Amino acid sequence: MLYLAYKNLISKPLNTLLSTLLLMLSISLVTFVLQIKNQLNQHLENNSKPFDMVIGAKGSPLQLVLSSILHIDNPTGNISLEEATRIAKNPMVRQMIPVSYGDNYKGIRILGTTYEYLAKYKASLQEGRLYKKPFEVVVGNGVAKNNNLQIGDTFVSAHGLAENGLETHHEKPFIITGILKPTRTIVDHLIVTNLESIWEVHEHNDEQHHHEEKHKANHIDEHGNHKDTYGEARQITSLLIEFRNPFGALQMSRFINDKTTMQAALPKFEIERLMRFLGVGFQVVNGISITVLLVAVLSIFISLIKTVRERKQELALLRTYGVRTLQLIKLVFLEALFLSLLGATLGWFLGRISIWLFSIFTEDLYGYHFVFSLPNNKELIVLLVVVLTTLLAAVLASMSLYKLNVSKTISDA
């Protein structure tokens with residue numbers, strides 16, 4: 001029966017190819033969307049989990065979270081380190097970590113922060129040591145691998161977050177003192193240094209652009225405090241906060257947003273909002289894949305009906321040799337099973353190849369890597385439903401075999 005089912009399928013290669021291609025395309029789309037959604041959720045959760053709040057300049061709270069935690073957007077601006085830490089000095093705050101950035105190396109963000117930032121992501125050294133002085137850096141494992149960087153290598157940064165060679169700081173080269181172990185977080189795709197490095201590189205830049213204004217060395221700021229002009233460089237991009245309990249985040253965010261010139265964003269809330277936006281796109285692709293899947297099942301159903309009709313004489317002849325009707329149905333059933341398993345398997349592999357290609361694109365742009373993984377529960381359910389639906393189509397297509405008039409069919413032949 002297996003041999004007969006196989007021979008029947010290859011006897012109509014175009015029908016078999018069309019049905020398999022439709023099934024393969026729909027399965028690949030479904031598995032691709034399920035995996036991307038699942039892995040993206042994990043990426044976002046792993047990267048945002050250490051922090052309950054981000055304090056930054058006024059603007060879009062989603063942009064603030066994307067730029068300060070996920071490092072895939074431009075910052076909303078700079079804030080005063082002194083003012084931010086003063087506000088964050090609250091009994092409900094467990095830890096606050098300043099971060100500052102504005103330069104890149106080959107499009108890779110150079111992040112100024114404290115050792116606590118690395119500890120939050122459980123980042124440890126693979127080789128070398130941590131930065132101790134300005135312009136010493138540790139590089140994420142992905143950065144080191146992709147750019148073939150070693151301990152002791154030096155490089156110059158470029159102004160801004162996009163790769164460019166127009167405004168580089170040749171007078172302030174960075175030196176690599178350490179390479180981090182893989183963490184499967186955003187740290188793998190960052191160059192990390194201390195805050196002083198970021199301040200000094202931009203102070204030098206300010207001196208070049210504003211040397212003619214040095215006579216304004218002291219002025220009164222908006223709060224009435226005297227402040228040195230170059231002291232203004234003691235700004236940060238944002239402050240990352242961890243609270244002792246979730247109520248602290250809600251209370252403090254309301255105060256900061258209403259009473260200060262800064263804004264507070266809650267990463268968990270903003271990422272859920274982002275996933276809701278992305279969810280619409282996922283649903284559209286899922287809708288397309290389900291439509292293609294229905295067309296594939298319908299194609300298999302029509303193909304099987306045509307096969308039964310065109311092979312009536314052959315099937316009637318098999319009956320005369322003692323083959324029962326149930327065995328003939330089993331033959332059609334095996335053909336459908338072979339088609340569904342072939343389409344599902346090839347579709348699953350095509351989905352995984354698509355994830356690999358998509359991962360190359362996202363890693364270059366956003367530092368996000370999607371992995372080749374085994375099917376999850378949702379994918380297994382989809383594959384099972386596809387096989388069962390195809391088998392149901394086979395049963396319906398072979399119902400006419402019960403009405404097969406063997407003698408009439410053979411005499412007509």
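Visitor: Hi! Where is the place of phenylalanine 135?

Guide: Phenylalanine 135 sits in the loop between S5 and S6. Helices (H or I, at least four residues) and strands (E, at least two) are DSSP runs, numbered from the N terminus. This is a predicted model, in which local features need pLDDT of at least 70 and side-chain atom pairs count only at pLDDT 80 or more, while totals for chains, interfaces and linings use all residues. Residues are numbered from 1 along each chain as its sequence is written, and side-chain values use heavy atoms, with hydrogens and water left out.

Visitor: Is phenylalanine 135 buried or exposed?

Guide: Phenylalanine 135 counts as buried, at 10% relative accessibility. Buried means under 20% relative accessible area, exposed over 50%, and partly exposed in between (1.4 Å probe, protein chains only). Phenylalanine 135 also has a positive phi of about 75°, although it is not a glycine.

Visitor: And what is phi of histidine 71?

Guide: It is near 55°, a positive value in a residue other than glycine. Histidine 71 lies in the loop between helix H3 (61-70) and strand S2 (79-80), and is buried with a relative accessible area of 8%.

Visitor: Back to the rings. How many aromatic pairs are there?

Guide: The count comes to 9 aromatic pairs. Rings of Phe, Tyr and Trp (its six-membered ring) pair if their centres lie within 6.5 Å; planes under 30 degrees apart count as stacked, over 60 as edge-to-face and the rest as tilted. One of the pairs is phenylalanine 135 with phenylalanine 174: the ring centres are 5.1 Å apart and the planes are at 55°, so the pair is tilted.

Visitor: Which parts of the chain does that pair link?

Guide: Distant ones: phenylalanine 135 is in the loop between strand S5 (125-128) and strand S6 (136-139), phenylalanine 174 is in strand S9 (residues 174-180), and they are 39 residues apart. Phenylalanine 174 is buried, as is phenylalanine 135. Together with Tyr105 and Phe155, these two form one aromatic cluster.

Visitor: What about tryptophan 348 and phenylalanine 349?

Guide: They form an edge-to-face aromatic pair, 5.1 Å centre to centre with 80° between the planes. Tryptophan 348 is buried at 10% relative accessible area, whereas phenylalanine 349 is partly exposed at 44%.

Visitor: Which residue lies over the face of tyrosine 101?

Guide: Arginine 109 does, at 4.7 Å from the ring centre. A charge sits over a ring if NZ of Lys or CZ of Arg is within 6 Å of the ring centre and within 35 degrees of the ring normal.

Visitor: New topic: strand S14. How many of its residues are buried?

Guide: In strand S14 (residues 238-243), 6 of the 6 residues are buried, so the strand is largely enclosed by the rest of the structure. In a regular strand the side chains alternate between the two faces of the sheet. Here Ser238, Leu240 and Glu242 point one way, and Leu239, Ile241 and Phe243 the other way.

Visitor: Which strands pair with S14?

Guide: Strand S1 (residues 53-57) runs antiparallel to S14, joined by 4 bridges. Strand S3 (residues 93-105) pairs with S14 over 6 bridges, also in the antiparallel sense. Two strands pair if DSSP finds at least two bridges between them.

Visitor: Which residues in S14 do valine 54 and proline 98 face?

Guide: Valine 54 has leucine 240 as its bridge partner, and proline 98 stands opposite leucine 239.
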